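Please read the points below with the structure open beside you, and check each one against what you see. They are meant as a colleague's notes to a student who is starting out.

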Amino acid sequence: MIEKERTNRVVIVVEAGTVSGVFASCAKDSVEVIDMDTDDLETAEQSKRRLEKVKADCEVGKLIKYL
């Protein structure tokens, strides 16, 4: 379960549709970017599976959705 008091910060910068920077306030944080904008069918399926796992993690309280 995610601690409600946690204040680590992650910032993702997108320019022209591409992630150009990722910043975190704690070296132990991990950041994953799932690019859903692809024309490659194999990459699209892989991204869809990764996103489904993220949504499942949100449902059980392992992740918090900010946007």
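How many Å should the 19 residues of helix α1 span at 1.5 Å a residue, and how far apart are its end C-alpha atoms?

1. The helix. The model is a predicted one, and its helix α1 covers residues 41-59. Just after α1 comes G61, which takes a positive phi of about 85°.

2. Confidence. The protein chain has an average pLDDT of 85, and 91% of the residues score at least 70. When you compare the elements, confidence is highest in α1, with a mean of 93, and lowest in strand β1, residues 10-15, with a mean of 86.

3. The hairpin. Strands β1 and β2 run antiparallel and are joined by 6 bridges. The hairpin that they form has 2 residues between the strands, and A16 in this hairpin takes a positive phi near 55°.

4. V11 lies in strand β1 and stands opposite F23 in β2. Leaving aside its neighbours within four places in sequence, V11 is in contact with G21, V22 and F23. The C-alpha atoms of V11 and A24 are separated by 6.4 Å, although the two residues are 13 residues apart along the chain.

5. A residue in a loop. I34 belongs to the loop between β2 (18-24) and α1. Not counting residues up to four places away in sequence, I34 touches S47, R50, L51 and V54. With a relative accessibility of 22%, I34 counts as partly exposed. The C-alpha atoms of I34 and T7 are separated by 23 Å, and these two residues are 27 residues apart along the chain.

6. The cysteines. How many disulfides does the structure hold? There are 0 disulfides in it, and C26 takes part in none, its nearest cysteine sulfur being that of C58, 20 Å away. A disulfide is a covalent bond between the sulfur atoms of two cysteines. The sulfur of C58 is 20 Å from the closest cysteine sulfur, in C26, and is therefore too far for a bond. As for accessibility, C26 is partly exposed at a relative accessible area of 24%, and C58 is partly exposed at 30%.

Technical notes:
Residues are numbered from 1 along each chain as its sequence is written. This is a predicted model: local features need pLDDT of at least 70, side-chain atom pairs count only at pLDDT 80 or more; totals for chains, interfaces and linings use all residues. Side-chain values use heavy atoms; hydrogens and water are left out. Helices (H or I, at least four residues) and strands (E, at least two) are DSSP runs, numbered from the N terminus. The expected span of a helix is 1.5 Å times one less than its number of residues. Buried means under 20% relative accessible area, exposed over 50%, partly exposed in between (1.4 Å probe, protein chains only). Contact means heavy atoms within 4.5 Å. pLDDT is the predictor's confidence in each residue, from 0 to 100. Two strands pair if DSSP finds at least two bridges between them. A disulfide is a pair of cysteine sulfur atoms within 2.5 Å.
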